[in-house]
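Student: Hi, could you walk me through this one? I'd like to go piece by piece.

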Amino acid sequence: MEAFQYRGNELYCEGVSVAELAKQYGTPLYVYSQAALVGSLKALQDAYAEVDPLICYSVKANSNLGVLKVLGAHGSGFDVVSGGELFRVQKAGGDPGMTVFAGVGKSDPEIAQAIEAGVLMFNVESEAELASIARVAAGMNRVAPIALRVNPDVDPKTHRYTSTGQKESKFGLDIERALRIAETVKDLPSLTMIGMHMHIGSQITTVEPYAKAVAKGVELIAKLRAMGHPIAWYNMGGGYGIAYRGPEAKPVSEFAEAILPGLKATGCRLAIEPGRVIAGNAGILVSRVLYTKQSGDKRFLIQDAAMNDLIRPALYESFHRIWPVTVPQGLPAPPADYEAAIEGAEPWDVVGPICESGDFFAKDRALPPLGPGALLATFSAGAYGMVMASNYNTRPRAAEILVNGDGASLVRRRETLDDLVAQEVGL
Ligand code: LLP
């Protein structure tokens with residue numbers, strides 16, 4: 001079942017009318033589909049079923065406790081990059097033993113917190129970090145399980161801001177350096193190297209970069225084992241792309257086909273860290289048109305959602321579909337015939353109320369005639385949407401709703417004006 005679809009001219013999330021949700025909870029409003037979240041998790045579990053994978057959902061994509069709880073209950077582990085994310089996983093009832101701790105800058109307190117919680121392993125990004133983990137673990141009389149994050153130097157062919165596996169990137173260790181460091185790990189009794197980690201980028205739409213990375217990983221694992229390291233896990237990271245415009249990304253089964261042969265040759269267990277492919281198309285951001293405005297030849301739809309709610313268009317010039325929640329009379333419902341019907345319609349810039357020219361969701365976008373009060377749905381907003389929201393311009397952050405079948409739960413209430421100043425002290 002498609003998570004978001006039109007019944008007549010009204011957009012539904014599963015069995016729930018999006019317009020009704022907007023009426024009840026206000027806008028801007030994030031709406032997530034539980035069926036879509038679980039469906040994408042299941043697609044990954046199926047694609048890799050023959051190797052019994054550990055799917056470590058990347059919490060950074062959407063860290064709402066309701067989302068984490070649903071995924072954990074359906075067998076997901078987690079990938080965290082901060083003590084805060086680990087705290088969320090535990091709050092949501094996730095299993096730290098199925099959780100990997102990544103990130104280039106882990107602090108001592110975060111390392112201690114993760115050891116205490118019993119994470120499956122640390123993904124280590126530098127010599128200095130390795131020394132910190134060894135020192136903190138030794139001080140706690142514990143042996144910390146680690147994987148080196150290796151930078152395979154492949155081009156993932158994605159946006160420069162989401163490309164992480166090339167030599168010039170701040171992430172990971174190049175292969176020669178990783179081998180040198182691996183030699184030193186043998187002398188550190190508070191560490192055990194049980195895995196190897198790679199993550200080459202995000203929103204990757206072709207499988208070749210993964211195939212290339214795996215080929216390098218297989219060779220490296222043999223070398224690490226020859227040194228005596230008990231490498232039992234191959235963590236392939238995340239990055240599996242999704243459809244923002246149309247079917248631009250390969251299905252997860254094709255990524256699996258690129259990864260599995262090499263992985264099987266190593267005899268390792270597979271971990272992956274998908275974020276966007278699980279949450280991205282499971283969420284929309286609902287906004288309301290406040291005004292329309294013309295400036296020179298430009299036409300603007302000014303809505304109540306802004307770059308503080310969804311920063312991806314401003315930050316990466318990324319494309320998100322924007323469709324009306326209620327399609328105006330006379331037009332077919334999206335997607336197919338609708339897109340054809342409005343092609344060539346006069347274009348709009350969809351912008352928010354923030355005082356920055358970068359505050360836009362879309363530029364020169366064909367939209368049907370919509371006036372003040374109309375509701376808009378911005379699609380593919382379930383990943384890197386709410387998690388990147390801020391209070392810029394002292395705007396309260398949006399509410400979040402999780403839909404399951406015919407039911408909808410509020411999983412984060414809208415911030416109030418008092419919330420906005422609650423942390424400020426000393427007045
Ligand atoms: N593992 C590691 C080590 C990562 O750095 C990331 C994402 C993931 C897994 C999950 O990647 P995914 O499967 O979601 O592609 N804010 C950007 C994306 C930043 C991704 C950062 N790292 C965006 O909105 O496109």
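**Strands, site and ligand**

Tutor: Strand E2 (residues 10-13) is joined to E1 by 4 bridges, and the two run antiparallel. Strands (E, at least two residues) and helices (H or I, at least four) are DSSP runs numbered from the N terminus, and two strands pair if DSSP finds at least two bridges between them. This is a predicted model: local features need pLDDT of at least 70, side-chain atom pairs count only at pLDDT 80 or more, and totals for chains, interfaces and linings use all residues. Residues are numbered from 1 along each chain as its sequence is written.

Student: What stands opposite Gln5?

Tutor: That is Tyr12, in E2.

Student: And which order do the strands take in the open sheet?

Tutor: The order is E1-E2-E3, 3 strands with antiparallel pairing. Strand E1 (4-7) and strand E3 (16-17) are at the edges with a single partner strand each, so one side of each has no neighbour in the sheet.

Student: New topic: what does UniProt list for "active site"?

Tutor: The unreviewed UniProt entry lists Cys355; such annotations may be inferred rather than shown by experiment, and positions use the numbering here, with feature names shortened. Cys355 sits in the loop between strand E17 (347-351) and strand E18 (360-366).

Student: Is Cys355 buried or exposed?

Tutor: Exposed, because Cys355 has 8 C-beta neighbours inside 10 Å. The cut-offs are 20 or more other C-beta atoms within 10 Å for buried, 12 or fewer for exposed, and partly exposed in between, with C-beta atoms placed from the backbone.

Student: How many residues surround the ligand?

Tutor: There are 20, and the closest are Ser202, Gly238, Gly275, Arg276 and Tyr384. A residue is near if its C-beta atom, placed from the backbone, lies within 6 Å.
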